[in-house]
Amino acid sequence: PHLLCVKNNTMAAMASISLPLPLRARLSILCCGNSGGGSMLHGFGRAFSSSSSSSSSASGSPTTMHAAINSAITHAMSEDPTTLVFGEDVAFGGVFRATTHLREKFGPRRAFNTPLSENGIVGFGIGVAIAGHRAIAEVQFADYIFTAMDQIVNEAAKCRYRSGAQFPAGGLTIRAPYGAVGHGGHYHSQSPEAYFCHTPGLRVVMPRNPHDAKGLLLASIRCDDPVIFLEPKALYRTAVSDNVPTEAYEVPLGKAEVVREGNDVTLVAWGAQVYVAEQAADALREERGATVEVVDLRSLLPWDAETVCQSVSKTGRLVVTHEAPITAGFGAEIVAEVTNACFTRLESPPERVCGMDTPFPLYGESLYVPTKLRVLEAMKRVLDF
């Protein structure tokens, strides 16, 4: 049998969970240590209009992001009886209600709660994936994913490589809500994507609207690589799409989308920050008459450098914006690659508009996050250079 040793933060209670018989026969768990944790249910301090269009061959009714995520998980569990979903409060629907009714639909052996141990949740998910199942592990807040870094970076990302593809953990998808909500403070507001983009063997995905959330999550669950799926919690209920099909579909991983076309500046963002980028693009057109090409990366690892470079080759200018701190943020990777690939076509140095190099503040969040005005000023600078 496959053997999984969950280190440090443990899940002793997990051993008593009634798992599907094929999995119980193949997976042994050794546990040691103790863990603690906490959670907080947030409201939402910002409102975003999901007006950006994503290509779709079918229409659906108005759908929120948390409902689209629930739909994706429901499809995945319906089509594959070995798919499991688990995490803190998952059986009750989760603090953001993204797993509502899954326990009733699929039973307590496939949708269940776990102890408050992110390290144990991810370690258990790795064992499930190695055993040949599809594991959808929920980390209640991305801020707490750091206790699972060893399992993610040294185990999940490297299982295929170190075993010569005999024991891959490709069936693992780790969902986690990230980002600012208006009052989350430093333990419920962080954007940790850059940490994982530095890890070969992982995929990192960050949707901006319900349509993409459903299609990207289904693609992630079906993917044969472990995926970090970061969900902008500020958009769970404030982003609504009319074009979310009721049937299953995929949005391709690793492919960016040009949200709107323009000729003067390329503005790159992902997740909730795409809406800030669109607001800044509207403001620039009103003030200067300049048009902005807004690009939503959607996937950060791998990221679609071809689409971004094609856009910059047309506009000659680049601004990248994200909520995470500026130093060593993923925007730096984009700027480096674009500068190398498009150097002779750049009309000005690229700019980054990001979070500050401080802990995420509870007071003064509006000064920390990259706002529409900060993005607008950056685009004016690249135009005036």
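The sulfur of C342 sits 3.9 Å from the closest cysteine sulfur, the one in C309, and that is too far for a bond. A disulfide here is a pair of cysteine sulfur atoms within 2.5 Å, and a search of the whole structure turns up zero of them. C342 is buried at 1% relative accessibility, where buried means under 20% relative accessible area, exposed over 50% and partly exposed in between (1.4 Å probe, protein chains only). C159 is buried too, with a relative accessible area of 2%.

All this comes from a predicted model, in which local features need pLDDT of at least 70, side-chain atom pairs count only at pLDDT 80 or more, and totals for chains, interfaces and linings use all residues. Residues are numbered from 1 along each chain as its sequence is written, and side-chain values use heavy atoms, with hydrogens and water left out.

Turning to the helices (DSSP runs of H or I, at least four residues, numbered from the N terminus), helix 2 (residues 65-79) packs against helix 8 (residues 210-222) at an angle of about 30 degrees, with the axes 8 Å apart. That makes helix 2 roughly parallel to helix 8, a label for angles under 35 degrees. Residues in contact have heavy atoms within 4.5 Å; among them are M65, I69 and I73 in helix 2, and L217, L218 and I221 in helix 8. By class, this contact has eleven nonpolar, two polar and three charged residues; Ala, Val, Leu, Ile, Met, Phe, Trp, Tyr, Cys and Pro count as nonpolar, Asp, Glu, Lys and Arg as charged, and the others, Gly among them, as polar.

Elsewhere, I121 belongs to helix 4 (residues 118-130) and is buried, at 0% relative accessibility.

Note on methods. Axes fitted to C-alpha atoms, helices over the stretch in contact; angles between N-to-C directions. Helix = DSSP H or I, 4+ residues; strand = E, 2+ residues; numbered from the N terminus. Parallel < 35°, antiparallel > 145°, perpendicular 65-115°, else oblique.
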